[in-house]
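Dear colleague,

Please find below the structure that I am handing over to you. My notes on it follow directly after.

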Amino acid sequence: FFLNDTATTEIYTQAFVGSVRCVQETAPQLPANGPHFRFNSKSIPGISIKDYLIRIKRLAQCPDACFLAALIYIDRLLQSNPQFAITRFNSHRLIIAAVLVSCKFNDDKFYNNEFYSKVGGIYCEELNCLEKLLLEMINYDLMIPSE
């Protein structure tokens, strides 16, 4: 997949959002102390997930394989933490953390956390915590079989 192509971007974005079981409509009913809460922002970001992915791709110049790996990491998080719910309050922060981890592990060329925090629109200290939390929640399982 290539995020440069508008039609492919739309398909990929829908697959990305669908694959991570985005449950935005249930956000108000979720307990405030669940694992998803640690990824929450104070307000719902004003940028769509599609535009956020395009922004990350454009600014960080991550290979498409890193986006696919990020999706796999998010799926692993959901599989190993069934109580985790992706909401409008945490989806963007989860995405930037997953892309950061993916680029660091799967790409020879990646930027530091300060750069990704600017791309993602969050403080570097927050991104550092989210990176650590994501890694812990997927039990540091970053290898992806080639099958």
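A salt bridge is counted here when a side-chain nitrogen of Lys or Arg lies within 4 Å of a carboxyl oxygen of Asp or Glu. By this rule there are five salt bridges. Please note that this is a predicted model, in which local features need pLDDT of at least 70 and side-chain atom pairs count only at pLDDT 80 or more, while totals for chains, interfaces and linings use all residues. Residues are numbered from 1 along each chain as its sequence is written, and side-chain values use heavy atoms, with hydrogens and water left out.

Salt bridges

In general, side chains of opposite charge can pair when their charged atoms come close. One of the five salt bridges joins aspartate 141 to arginine 76, with 3.4 Å between the closest N and O atoms. This pair links distant parts of the chain, since aspartate 141 belongs to the segment after α6 and arginine 76 to helix α3, 65 residues apart. Helices are DSSP runs of H or I with at least four residues, and they are numbered from the N terminus. In terms of accessibility, a residue is buried under 20% relative accessible area, exposed over 50% and partly exposed in between, for a 1.4 Å probe and protein chains only. Aspartate 141 is partly exposed at 36%, whereas arginine 76 is buried at 18%.

A further salt bridge is formed by glutamate 126 and arginine 93, at 3.0 Å from N to O. Glutamate 126 is in helix α6 and arginine 93 in helix α4, so this contact ties together parts that are 33 residues apart in sequence. The relative accessibility of glutamate 126 is 29%, which makes it partly exposed; arginine 93 is buried, with a value of 10%.

Glutamate 131 and lysine 104 also meet in a salt bridge, at 2.9 Å from N to O. Here too helix α6 supplies the glutamate and helix α4 the partner, lysine 104, so parts that are 27 residues apart in sequence are tied together. In this pair glutamate 131 is buried, at 13% relative accessible area, and lysine 104 is partly exposed, at 29%.

Helix α4 covers residues 91–106, 16 residues in total, and reaches 22 Å from its first C-alpha to its last, close to the 22 Å expected at 1.5 Å a residue. The expected span is 1.5 Å times one less than the number of residues. Of the 16 residues in α4, 13 are buried, and the helix is thus mostly covered.

Cysteine 129 is located in helix α6 and is exposed, with a relative accessible area of 55%.

Backbone angles

Most residues other than glycine have a negative phi. Which phi value does glutamine 61 have, although it is not a glycine? The phi of glutamine 61 is positive, at about 50 degrees. Glutamine 61 sits in the loop between α2 (49–60) and α3 (64–80), and this residue is exposed, with 51% relative accessible area.

Tyrosine 140 likewise has a positive phi, near 55 degrees, in a residue other than glycine. Tyrosine 140 is found in the segment after α6 (124–137) and counts as partly exposed, at 48% relative accessibility.

With kind regards

Terms used. Helices (H or I, at least four residues) and strands (E, at least two) are DSSP runs, numbered from the N terminus.
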